[in-house]
Amino acid sequence: MRAVTWRGVNEIGVEDVPEPTILNGHDVILEVGLSATCGSDLHLVGGYVPTMRAGDVLGHEFMGTVVEVGAAVTRHAVGDRVVVVSFTSCGKCWYCRQELYSLCDNGNANPGITEALWGQAIGGCYGYSHALGGWAGSHARYIRVPYADQGAFAIPDGVSDERALFASDAAPTGWTGADLAGVAPGDVVAVWGAGGVGQMAARAAMLKGAERVVVIDRLAERLGQVETHIGAETLDYSKVDVPGELRELSGGRGPDVCIEAVGMEAHGLGPSYLYDQVKQQLRLQTDRPTAVREAIYACRKGGTVFTLGVFAGLVDKFPLGAVMNKGLTLRGAQQHGHRYVPEILERMSRDEVRTEHLATHVMSLEDGPAGYRMFKGKDDGCVRAVFRPGD
Amino acid sequence: MTDPPTRLLRAGGDLLRRLAEPQELRPGGSHAGRHCASGWLSVTVLCEPDDVREDALPGPLAILVDRIEVRVRPAPADKGTELSVRFRDRPPRASLPRRLVGDDPEAELRSALRRSKQLIEVGEVLVVDPAPHGQRPATPTGMVVESWTRAAPGGGVR
Ligand SMILES: NC(=O)c1ccc[n+]([C@@H]2O[C@H](COP(=O)([O-])OP(=O)(O)OC[C@H]3O[C@@H](n4cnc5c(N)ncnc54)[C@H](O)[C@@H]3O)[C@@H](O)[C@H]2O)c1
Ligand SMILES: [Zn+2]
Ligand SMILES: [Zn+2]
């Protein structure tokens with residue numbers, strides 16, 4: 001079958017790969033309907049996640065139709081239309097039982113790698129390097145889904161493929177941030193990054209009753225989407241002083257909750273951006289934490305800063321003094337989607353969560369390299385390139 | 001065991017260890033982590049202590065039963081059961097870089113312990129390969145990733 005693969009740093013290919021087969025009783029094989037690019041892929045493309053191997057199939061945000069079912073699967077049958085959470089979690093270990101699904105003990109067959117990096121191993125994710133399990137990704141005609149009873153969710157009849165697709169990754173990631181940061185009615189919430197993840201975090205915060213939600217970016221088309229489709233306010237960080245504006249619109253306090261949805265390749269302005277770029281290129285720091293620093297600085301005393309953006313290793317000039325002295329709560333996570341997908345699908349069927357607009361460019365697998373180029377360059381207003389393997 | 005991929009792998013493990021945990025910042029400097037005096041390797045399994053019996057260990061540990069000691073005790077709160085194993089002859093601990101890439105005598109035990117936990121919790125051991133993939137040219141970095149992946153089930157910090 002054809003698949004979009006990682007060929008090397010900044011090199012995406014389309015090639016023939018073998019079809020997957022059922023290897024565990026809890027597997028299903030899915031015929032992929034739609035498969036999206038995600039900001040996390042850009043960290044792989046750029047070479048910031050070191051355990052990619054040429055030929056690895058990319059893609060972890062997807063939906064499709066079940067075509068084969070393993071012997072131990074009880075909740076799915078051939079023909080079911082499902083959306084799959086990007087993390088492969090067992091549902092049985094202590095972490096899964098605490099609903100901290102991306103921390104699953106049994107979803108990553110290569111635990112030695114993340115244990116070496118971070119002291120403990122986290123769960124596995126499709127198409128996301130050998131450190132996160134070496135699972136083949138979804139930019140292909142078929143994908144094997146392990147632990148299918150846990151990770152695959154039937155899509156309600158009234159919800160389109162284009163909408164349900166984002167219940168795989170962008171939406172549950174946003175929900176993870178807003179929920180675990182403790183967004184409560186009356187809160188002022190600021191979100192850095194107006195990509196799929198930031199937009200969904202903003203929507204989740206609104207649905208949790210936040211009084212004001214402000215999304216920060218510099219890309220006009222994305223800020224426009226936030227206003228039109230999400231209904232949140234926006235700030236263009238290339239034009240205004242972000243902490244100053246946030247202070248003003250929160251009565252001088254600063255936001256109660258700051259959600260960072262930018263990640264380790266943050267863009268920035270001025271000399272500190274150059275400093276971070278140089279240090280990252282020399283591998284003296286692995287990640288550029290521009291937006292996290294700003295979020296910590298802007299946050300009100302006693303507030304919460306949540307990093308949804310992916311970081312891999314070490315950052316520099318981290319304002320620990322502000323965290324400590326302002327009494328902040330600092331938290332982060334990969335998405336615990338299994339916990340939120342049922343609510344998200346239900347809200348999608350009631351039109352309370354709309355996501356189709358994120359799929360700005362829908363194309364065939366053969367256009368994989370062009371799709372990634374557009375997404376990386378944010379060309380032509382690209383928010384997410386989406387592949388339709390059936391084309 | 002000093003074929004080129006293994007040497008590369010060790011160098012990679014060393015580099016990574018420095019990156020992830022700058023040596024000079026570790027309490028005890030470069031000697032920290034070298035001695036874990038008791039030699040026990042432990043996992044916590046979400047099950048009752050009675051579900052892990054020394055005379056009926058899960059397959060991956062059962063085949064090692066003549067060479068290992070086993071300790072089972074309840075974990076605090078609702079966390080399940082702590083299962084610890086160590087080799088009877090207590091081989092000297094390998095350096096951290098070698099443990100991280102599973103290039104040490106205890107790699108076998110680490111892997112058996114993880115697979116046993118999975119068997120108890122899930123009922124199956126997760127299989128990833130063969131996973132679909134495209135052309136894999138034999139580049140030096142690719143070989144490091146491949147060797148490390150092969151060794152990762154037995155690699156670990158302890
Ligand atoms: N935690 C998780 O489980 C999870 C899941 C999916 C994605 N992610 C991560 O979330 C992040 C965002 O993902 P995405 O798909 O929305 O990515 P994206 O690339 O589409 O969007 C990132 C946005 O951040 C903006 N940005 C860059 N620097 C900024 C700055 N200094 N201040 C404000 N905005 C800035 C960019 O202009 C862009 O619009 C990535 O790091 C991705 O890896 C995490
Ligand atoms: Zn993602
Ligand atoms: Zn689990």
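1. The chain contact. Chain A brings 49 residues to the contact, and chain B brings 38 residues. This is a predicted model, so every value below is computed from predicted coordinates.

2. Buried area. Together, chain B and chain A bury about 3,600 Å². Carbon and sulfur atoms account for 60% of that area. On the chain B side, three residues stand out: B:Leu126, B:Val128 and B:Pro132. They supply 17% of the area that chain B buries against chain A, more than any other three residues.

3. Charged and polar links. Four salt bridges are counted between chain B and chain A. In a salt bridge between the chains, the side chain of B:Arg136 meets that of A:Asp56, at 2.9 Å from N to O. Polar contacts join 20 residue pairs across the interface of chain B and chain A, with both residues at pLDDT 80 or more.

4. Which elements of chain B take part? Three elements of chain B give two or more residues to the side that touches chain A: α1 (4-20), α4 (107-121) and α5 (140-151). Of these, α5(B) gives the most, with five residues.

5. Make-up of the chain B side. The residues of chain B that touch chain A divide into 19 nonpolar, nine polar and 10 charged.

6. Ligand 1 and its shell. There are 32 residues around ligand 1. Which of them come nearest? They are A:Gly39, A:Ser40, A:Asp217, A:His267 and A:Gln335. By class, the shell has 14 nonpolar, 12 polar and six charged residues.

7. Polar atoms at ligand 1. Two side chains can be checked against oxygen atoms of the ligand. An N or O atom in the side chain of A:Ser40 is 2.6 Å from an oxygen atom of ligand 1. For A:His43, a polar side-chain atom lies 2.9 Å from an oxygen atom of ligand 1. The backbone takes part as well: a polar backbone atom of A:Leu308 is 3.0 Å from a nitrogen atom of ligand 1.

8. Cover over ligand 1. On its own, ligand 1 has 860 Å² of accessible area. The protein covers 95% of it.

9. Where does the shell come from in chain A? The elements α1 (39-45), α7 (196-207) and β12 (212-217) of chain A each supply at least two residues of the shell around ligand 1. The largest share, four residues, comes from α1(A). When viewing the site, start with α1 (39-45) of chain A, then find A:Ser40 and its 2.6 Å approach to an oxygen atom of ligand 1.

Conventions: Residues are numbered from 1 along each chain as its sequence is written. Chains are lettered from A and ligands numbered from 1 in the order in which they are written. This is a predicted model: local features need pLDDT of at least 70, side-chain atom pairs count only at pLDDT 80 or more; totals for chains, interfaces and linings use all residues. Side-chain values use heavy atoms; hydrogens and water are left out. Contact means heavy atoms within 4.5 Å. Buried area is the accessible area (1.4 Å probe) that two parts lose on being put together, summed over both. A polar contact is a pair of N or O atoms within 3.5 Å; within protein, one must be able to donate a hydrogen and the other to accept it, and residues adjacent in sequence count only if both atoms are side-chain atoms. Ala, Val, Leu, Ile, Met, Phe, Trp, Tyr, Cys and Pro count as nonpolar, Asp, Glu, Lys and Arg as charged, and the others, Gly among them, as polar. A residue is near a molecule or strand if one of its heavy atoms lies within 4 Å of it. Accessible areas come from the Shrake-Rupley method with a 1.4 Å probe; for residues, only the protein chains shown count as cover.
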